[in-house]
Amino acid sequence: MNYRAGSIIPINDVPDRSIILLGVLAGILAIIGSLSSLVEAASLAFLFTFGIVNWIAYRELNKKKWIPLLGIIIGCLVGGALIFRLIISKPIALGGILAIVLLIILGRPYVLKQKEKTKQKSKNEEK
């Protein structure tokens with residue numbers, strides 16, 4: 001098996017650092033907050049993913065577009081209710097989740113730029 005330098009996972013495009021980071025963040029949420037905070041954070045992530053999948057289905061389908069549209073509406077309603085619940089009961093946990101989301105949104109362009117530089121560097125070394 002071929003392994004990427006500094007990685008314990010074989011080269012197969014598995015985002016090993018992301019998986020490790022998510023595990024560390026989940027552990028921190030479990031230690032600082034409670035298990036219910038972790039579950040609510042995971043629920044928000046699931047609802048967001050559910051909404052994205054329904055949005056893609058809505059764009060791709062030619063017939064019965066009402067099914068993914070209904071999924072988007074229900075996901076937004078449940079997500080809104082969960083966020084409202086977090087605002088009232090656990091504002092610090094919600095702030096932590098929002099900080100992580102902002103870090104991901106703002107950090108992604110940097111990570112992609114570094115990945116592109118690494119690809120270019122490896123291509124230049126092969127020549």
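A residue is called buried when its relative accessible area is under 20%, exposed when the value is over 50%, and partly exposed in between (1.4 Å probe, protein chains only). The model is a predicted one, in which local features need pLDDT of at least 70 and side-chain atom pairs count only at pLDDT 80 or more, while totals for chains, interfaces and linings use all residues. Residues are numbered from 1 along each chain as its sequence is written, and side-chain values use heavy atoms, with hydrogens and water left out.

The chain holds four helices and zero strands, where helices (H or I, at least four residues) and strands (E, at least two) are DSSP runs numbered from the N terminus. Read from the N terminus, the order of elements is α-α-α-α. Contacts are heavy atoms within 4.5 Å. Among those between residues at least 6 apart in sequence, 38% join residues at least 24 apart.

Gly27 belongs to helix H1 (residues 16–32) and is partly exposed, because its relative accessible area is 27%. Between Gly27 and Leu38 there are 8.7 Å in space, C-alpha to C-alpha, at a sequence separation of 11 residues.

Helix H2 spans 37 Å from its first C-alpha to its last over 26 residues, close to the 38 Å expected at 1.5 Å a residue; the expected span is 1.5 Å times one less than the number of residues. Ser37, Glu40, Ala41, Leu44, Leu47 and Asn54 are the buried residues of H2. In the loop between H2 and H3 sits Lys64, whose phi is positive, about 55°, although Lys64 is not a glycine. Lys64 counts as exposed because its relative accessibility is 57%.

Helix H3 has 24 residues and reaches 34 Å end to end, C-alpha to C-alpha, close to the 34 Å expected. Its buried residues are Pro68, Gly71, Ile72, Gly75, Gly79, Leu82 and Leu86, and they pack against H2 and H4. An α-helix has 3.6 residues a turn, so residues three or four places apart point the same way. Ile74, also in H3 (residues 66–89), is partly exposed because its relative accessibility is 43%. Ile74 is one of the residues of a nonpolar surface patch, together with Trp66, Ile67, Leu69, Leu70, Ile73, Leu77 and Val78, and the patch has about 770 Å² of accessible area. Patches are made of residues with over 30% relative accessible area and no salt bridge, joining like charges within 9 Å and nonpolar side chains (Val, Leu, Ile, Met, Phe, Trp, Tyr) within 5 Å; a salt bridge is a side-chain nitrogen of Lys or Arg within 4 Å of a carboxyl oxygen of Asp or Glu.

Helix H4 (residues 91–126) has 36 residues and reaches 51 Å from first C-alpha to last, close to the 52 Å expected. A kink of about 40° lies at Gly107, shortly before the proline Pro109; the bend is the angle between axes fitted to the seven residues ending there and the seven starting there. Ala93, Leu94 and Ile97 are buried in H4, with cover that includes H2 and H3.

Terms used: Accessible areas come from the Shrake-Rupley method with a 1.4 Å probe; for residues, only the protein chains shown count as cover.
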